[in-house]
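Dear colleague,

I am handing over the structure below, and my notes on what was found in it follow directly after.

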Amino acid sequence: MNPGKELLRQEMMPHILCPGCGHGIVLNTLVRVLATRFSSMDQVALVAGIGCSSRIVGYIDAYTLHTTHGRALSFATGLKLSRPELTVIVITGDGDGLGIGGNHLIHAARRNLDLTCILFNNETYGMTGGQLAPTTVPHAFTTTTPYGNKEPSFDAAALLKACGATFVARGQAYRPDLLEELLNRAIAHRGFSFVDVMTDCTEYFGRKNALGGGSDLLFSQTRADEEIARDLDEWPRLRHPDGFPLREILPMGVLHEVSRPTLEEMMGLAGYEAREE
Amino acid sequence: MIDPTQMQANIVIAGVGGQGVILAGNILSDVCLAYGLDVKKAEVHGMAQRGGSVSAQIRFGSEVHGALIEKGRLDFAVAFEWAEALRWMPLLSPEGTAFVSTQEVIPPIALRDRVAGRVDYPLELVHHPRIRAIDAPSLAKEAGNVKTAGVVLLGALSMELSFSYEAWIEAITRRVPGKVVDVNLRAFGYGRRGKKSVAPYSARMPEPLVRKAWLHLEESWCKGCGICVNVCPERIWVLNERDVVETVSAERCTGCGLCEKLCPDLAIDVLTDLGSQALGHEGGNVLWQSN
């Protein structure tokens with residue numbers, strides 16, 4: 001039994017996500033974490049931008065803000081500074097957080113505000129029609145790269161670590177138990193915590209790259225097709241439904257964890273010191 | 001009884017790793033050697049650490065040239081485990097006797113039904129005319145240590161061979177660790193006296209760890225992505241013609257919760273608690289409920 005089901009806005013369900021969408025699994029895990037961590041949703045505010053990932057805050061019965069494209073972290077910064085007693089969780093996608101709102105993301109990490117940022121990384125702009133995103137891997141096919149992507153992609157975790165985030169982790173929709181632990185630790189961490197969650201876009205990324213439907217794409221996250229993963233020049237073979245293994249070579253788990261003063265502490269916000277670690 | 005120095009026999013001692021098959025074979029060989037007999041012994045013990053079968057073939061007589069026993073020439077089979085006896089039945093000669101312990105050691109991969117703990121165990125052997133089923137573990141427990149079950153069976157075997165009791169005692173004393181010599185000698189005595197045949201009964205099967213599970217599906221939320229269909233280890237979910245999942249044999253559910261955690265639509269609930277836990281929302285139907 002998922003205790004988080006109590007937190008769903010029943011009248012909004014079923015959600016709009018496509019069949020087999022990895023975001024749904026992250027929502028599943030996130031509500032479980034929230035239900036086990038917090039006695040009341042009055043302590044939690046969820047802030048999201050625009051995109052498939054950001055839609056999921058609409059299904060959680062907490063304080064939720066659905067804001068402008070890429071600016072979720074700016075709204076969250078204002079919210080956190082005015083209501084420091086809230087636990088603020090920012091839900092963003094790779095296009096929303098790294099593309100449109102990349103500037104906000106790196107500066108939020110630099111300020112080390114006590115936020116938790118969960119980035120749903122499906123390597124494409126899903127909601128607007130499957131365009132190229134900054135995280136799309138080289139050679140991948142999208143709506144705007146019909147001959148394959150020629151640009152190198154972002155490693156979101158490495159970027160955020162360099163920007164000064166004090167907690168950086170990477171999880172996977174395929175491993176909900178690992179993800180649950182990472183989300184728990186990220187929320188418990190004092191300071192800017194960032195979780196890069198690898199999910200799937202079945203409808204655009206999976207279809208354009210002939211990677212199969214929902215479960216095929218999900219299982220491709222774990223198939224250790226190392227001989228394919230090591231060599232990007234073998235992209236024609238990668239299009240085979242048998243594997244999209246590039247994620248497998250990305251490191252998973254808690255990648256970086258340090259402690260340094262948060263912005264709230266520097267500003268001496270009232271009552272903030274009382275927040276338990 | 002014939003003169004022990006003129007005796008000739010082919011014996012197999014079989015069991016599962018850890019039961020002392022090799023030790024029992026050594027004891028028997030020692031007894032034969034004490035009478036100046038020629039002994040050849042072949043052991044198979046490669047799979048012992050994985051709970052696999054272990055066996056020792058022993059041939060002795062005034063002159064023996066090879067250790068392996070021909071089909072139909074096996075005089076005595078001593079099996080420490082019920083199913084291991086089966087392997088040697090084709091070799092048993094028409095006059096041969098098998099001493100079989102009623103102990104059952106079930107390897108995990110042979111446990112066919114993880115929910116109910118059922119195994120297909122060969123019980124028809126009990127009615128075989130040349131089987132002597134012996135409840136060795138309980139006799140051994142009576143002697144003081146259940147690990148001496150093998151010696152109980154050796155005791156039963158010793159009644160069929162014309163070696164003297166003293167020779168057996170000496171071999172056992174030399175072979176087993178000093179602290180447990182008394183227990184082993186007592187177990188050996190029980191085996192010599194114990195003529196009773198005990199049928200194995202299913203009540204001795206290990207109690208399975210049963211996790212009771214209820215499955216609950218919110219049909220209107222399911223979009224038919226098929227993740228649960230592919231992820232379920234017991235293969236209990238299928239997609240129906242409306243592209244909605246349904247269960248084919250929900251009673252096989254072990255309550256692992258993989259489908260619940262990986263369902264993107266949050267449509268599946270796996271309830272593993274006992275008692276009547278209220279479901280989180282309305283409109284669902286309980287697909288299967290264990291008794």
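Helix α1(A) is largely enclosed by the rest of the structure, because 13 of its 16 residues are buried (a residue is buried if 20 or more other C-beta atoms lie within 10 Å of its own, with C-beta atoms placed from the backbone; helices are DSSP runs of H or I with at least four residues, and strands are runs of E with at least two, numbered from the N terminus). The end C-alpha atoms of α1(A) are 23 Å apart, which agrees with the 22 Å that its 16 residues should span at 1.5 Å a residue, the expected span being 1.5 Å times one less than the number of residues.

Please bear in mind that this is a predicted model, in which local features need pLDDT of at least 70 and side-chain atom pairs count only at pLDDT 80 or more, while totals for chains, interfaces and linings use all residues. Residues are numbered from 1 along each chain as its sequence is written, and chains are lettered from A and ligands numbered from 1 in the order in which they are written.

Where chains A and B are in contact (C-beta atoms within 7 Å), 22 residues come from chain A and 21 residues from chain B. On the side of chain A that touches chain B, α1 and α9 (214-220) are the elements that give two or more residues.

Chain B itself has 8 helices and 11 strands, and 39% of its 291 residues count as buried.

With best wishes

Note on methods:
Two residues are in contact if their C-beta atoms, placed from the backbone, lie within 7 Å. A residue is buried if 20 or more other C-beta atoms lie within 10 Å of its own, exposed if 12 or fewer, and partly exposed in between; C-beta atoms are placed from the backbone.
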